[in-house]
Protein chains: 2
Amino acid sequence: MGDLGIRRATADDLPAIVAMLADDPLGAQRESPDDLAPYLAALDRLEADPHQHLVVAVREDRVIGTLQLTVIPGLSHRGATRAVIEAVRIHADERGGGLGGRLIEWAIDTSRELGCRLVQLTSDKSRVDAHRFYERLGFTASHEGFKLRL
Amino acid sequence: MGDLGIRRATADDLPAIVAMLADDPLGAQRESPDDLAPYLAALDRLEADPHQHLVVAVREDRVIGTLQLTVIPGLSHRGATRAVIEAVRIHADERGGGLGGRLIEWAIDTSRELGCRLVQLTSDKSRVDAHRFYERLGFTASHEGFKLRL
């Protein structure tokens, strides 16, 4: 199997990341893996913001997972800084092997190191398996997640 | 009634903001309005991050509402930047008068001006009235909101 590494994503990883974003019942409708230009522009924005941590999981030089961690300061909870996890994806060949748990644990550990007192994420209500997964990792589905497209 | 203004929060606004955070069934358990030091430290973190927009709603020099808007770049949705709304509070004397809608509309308009393609927020499942409010404003409760305390 080889060792798993988790490291910051670079432009060279974009094709693999976007392929994972698109290889998903929801992502297939909204991603454009044949046109990477908007993703390159977004990567520039991510790299310009020190509170963004876009990472890939890599085994034997192959990108097999990704997630984005964002650190958000705030006043509530006595001035608690929180972390938000977005865009968790595992390559189809690697699902069910514990990689998702490893990535989320990396995000939790990193959030703690960065002084966060809360980690949060939202998951589409259709992703029932993902909900069980997050609950096993200690998360509580205590909130409704509202979205509005502009 | 006087005109409503929405402007960036300053340290002078902290006592009023923290009083609103604490004047709430959930906030009463976790805020410390008698000790502003952790909130001042958090305000420094907010002011140091150009992607944070902590605002107050003011009428006749009185702070009557607050919210925090965070701009998060990302790869998914073809490189869409999103906005996250946190810590929406309306002074108890001002609830039911449309101020919450004005604040959220400010957040939506600002998100659009900042190039966001999505606005999102989570709301504790016990805040049933808030859920109806967000749905009236066009939000969809499409996601489960997971939290983990560290």
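Which backbone oxygen does the side chain of A:Arg117 reach, and at what distance? The oxygen belongs to A:His77, and the side chain of A:Arg117 comes to 2.7 Å from it. Welcome to this structure, which is a predicted model.

- A:Arg117 sits in chain A, in the loop that runs between α4 (99-113) and β5 (118-124).

**Helices α1 and α2 in chain A**

- In chain A, helix α1 (residues 14-22) packs with helix α2 (residues 37-47) at an angle of about 110°, and their axes are 11 Å apart.
- That angle makes α1(A) roughly perpendicular to α2(A), because angles of 65 to 115 degrees count as roughly perpendicular.
- Which residues meet here? From α1(A) come A:Leu14, A:Val18 and A:Leu21, and from α2(A) come A:Tyr39, A:Leu40 and A:Leu43.
- Sorted by class, this contact of α1(A) with α2(A) has six nonpolar residues, no polar ones and no charged ones.

**Helices α1 and α2 in chain B**

- Chain B has its own pair to look at: helix α1 (residues 14-22) and helix α2 (residues 37-47) pack at an angle of about 110°, with axes 11 Å apart.
- The two helices α1(B) and α2(B) are therefore roughly perpendicular to each other.
- On the α1(B) side, the contact is made by B:Leu14, B:Val18 and B:Leu21, while α2(B) brings B:Tyr39, B:Leu40 and B:Leu43.
- By class, the contact of α1(B) with α2(B) counts six nonpolar, no polar and no charged residues.
- The buried residues of α1(B) are B:Leu14, B:Ile17, B:Val18, B:Met20, B:Leu21 and B:Ala22.
- What do these buried residues of α1(B) pack against? Their partners are α2, β2 (52-59), β3 (62-72) and β4 (82-90) of chain B, together with α3 (76-79) of chain A.

- B:Arg82 belongs to strand β4 of chain B.
- With 9% relative accessibility, B:Arg82 counts as buried, because buried means under 20%.
- The side chain of B:Arg82 is joined to the side chain of A:Glu86 by a polar contact of 3.1 Å.
- Not counting residues up to four places away in sequence, B:Arg82 touches residues of both chains, including A:Glu86, A:Lys147, B:Thr70, B:Ser76, B:Cys116 and B:Gln120.
- B:Arg59 lies in strand β2 of chain B, and at 16% relative accessibility it counts as buried.
- Which side chain does B:Arg59 pair with in a polar contact? Its side chain contacts that of B:Glu94, at 3.0 Å.

**Two loop residues in chain A**

- A:Phe139 is in the loop between α5 (128-136) and β6 (140-149) of chain A, and at 3% relative accessibility it counts as buried.
- Beyond residues up to four places away in sequence, A:Phe139 touches A:Ile85, A:Ile104, A:Ile108, A:Val119, A:Leu121 and A:Tyr134, as well as B:Phe146, B:Lys147 and B:Leu148.
- A:Phe139 and A:Gly65 are 74 residues apart along the chain, with 20 Å between their C-alpha atoms.
- A:Pro50 lies in the loop between α2 and β2 (52-59) of chain A, and at 66% relative accessibility it counts as exposed.
- A:Pro50 and A:Asp35 are 15 residues apart in sequence and 26 Å apart from C-alpha to C-alpha.

**Cysteines**

- A disulfide is a covalent bond between the sulfur atoms of two cysteines.
- A:Cys116 is buried, with a relative accessible area of 5%, and B:Cys116 is buried with 5%.

Conventions: Residues numbered from 1 in each chain as written. Chains lettered and ligands numbered in written order. Predicted model: local features only at pLDDT ≥ 70, side-chain atom pairs only at ≥ 80, totals over all residues. Heavy atoms only, no water. Axes fitted to C-alpha atoms, helices over the stretch in contact; angles between N-to-C directions. Helix = DSSP H or I, 4+ residues; strand = E, 2+ residues; numbered from the N terminus. Parallel < 35°, antiparallel > 145°, perpendicular 65-115°, else oblique. Contact = heavy atoms within 4.5 Å. Nonpolar A, V, L, I, M, F, W, Y, C, P; charged D, E, K, R; others polar. Polar contact = N/O pair within 3.5 Å; in protein donor to acceptor, adjacent residues only side chain to side chain. Buried < 20%, exposed > 50% of the residue type's maximum accessible area, 1.4 Å probe, protein only.
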